[in-house]
Amino acid sequence: MRVDVQNLSFAYTQKLILNNLSFTLNHGEFLTLLGKNGTGKSTLIKCLLKIVKIPDNTIFFDDIDINSLKKFEHVGYVPQKVEFSYEFPINVSEILSCAYQRRKDDYYTKIINALNINPFYRDNINNLSGGQFQRVTIARALLNRPQLLILDEPTVGVDNENIQSLLQVLSDLKKHSVTILLSTHDADFAKELSDRYLELDEVGDYRIYR
């Protein structure tokens, strides 16, 4: 999937967050989004997903204005923090089965194994650590084979061993021409996978580099 952003500006209560931002994320490209807290990384992601309102003719998926799309198909999203009712009695298996719209197959098993979810596959979500729950969130985003994958700080609470597992999953997705946008504070994370970097600053400006 190709993403085009054209002259996008966004402000919260008169504070400019994004200032006339333009870039193209080509099909199969890996773009790392950098910036300190408050520079607009999560805001840009919210714009891309229509979580906040944006003007027409500013963001396009495969040349289609996203404001004309009733729903996003083939888009996977891993948020920085998942809002979930932990009072609801559900286990990992049930969460992932609901996310997968077909019978369990080799692809399903591959995702579970790649993210090392088997040790807690039958556990209630109330018993998961933050890192374990993050891995479940990543698996859920991957199960329906996204053409565009957006990850907002996906390594929060994840230990180094499982970060390496995540990098391997992302590498495999890139080989299959999935378009990836990943937000992180760490310029070294995924540096072997990143084709370009988009860095935001505190005054709403940006720079793009390789």
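Visitor: Over how many bridges do S1 and strand S4 pair?

Guide: This is a predicted model. Strand S4 covers residues 59-61, and its pairing with S1 is antiparallel. Within that pairing, Val5 stands opposite Ile59 in S4. The number of bridges between S1 and S4 is three.

Visitor: Which residue in S2 stands opposite Asp4?

Guide: Strand S1 (residues 3-12) and strand S2 (residues 15-25) run antiparallel and are joined by seven bridges. Their hairpin has two residues between the strands, and Thr13 takes a positive phi near 40 degrees there. The residue in S2 opposite Asp4 is Thr24.

Visitor: Is Ile66 buried or exposed?

Guide: Ile66 lies in the loop between strand S5 (64-65) and strand S6 (75-78). Leaving aside residues up to four places away in sequence, Ile66 touches several residues, including Ile59, Phe60, Phe61 and Phe72. The relative accessible area of Ile66 is 0%, and the cut-off for burial is under 20%, so Ile66 is buried.

Visitor: How many residues does the largest nonpolar core have?

Guide: Leu96, Ile117, Leu142, Leu149 and Leu170 have the most contacts inside this core. Several elements each supply at least two of its residues, among them helix H4 (130-142), strand S7 (148-152) and helix H5 (160-175). A second, separate core includes Leu21, Phe23, Ile59 and Leu198 and has 27 residues. The largest nonpolar core has 40 residues.

Conventions: Residues numbered from 1 in each chain as written. Predicted model: local features only at pLDDT ≥ 70, side-chain atom pairs only at ≥ 80, totals over all residues. Heavy atoms only, no water. Helix = DSSP H or I, 4+ residues; strand = E, 2+ residues; numbered from the N terminus. Buried < 20%, exposed > 50% of the residue type's maximum accessible area, 1.4 Å probe, protein only. Contact = heavy atoms within 4.5 Å. Pairing = 2+ DSSP bridges. Core = buried A, V, L, I, M, F, W, Y, C linked by side-chain atoms within 4.5 Å.
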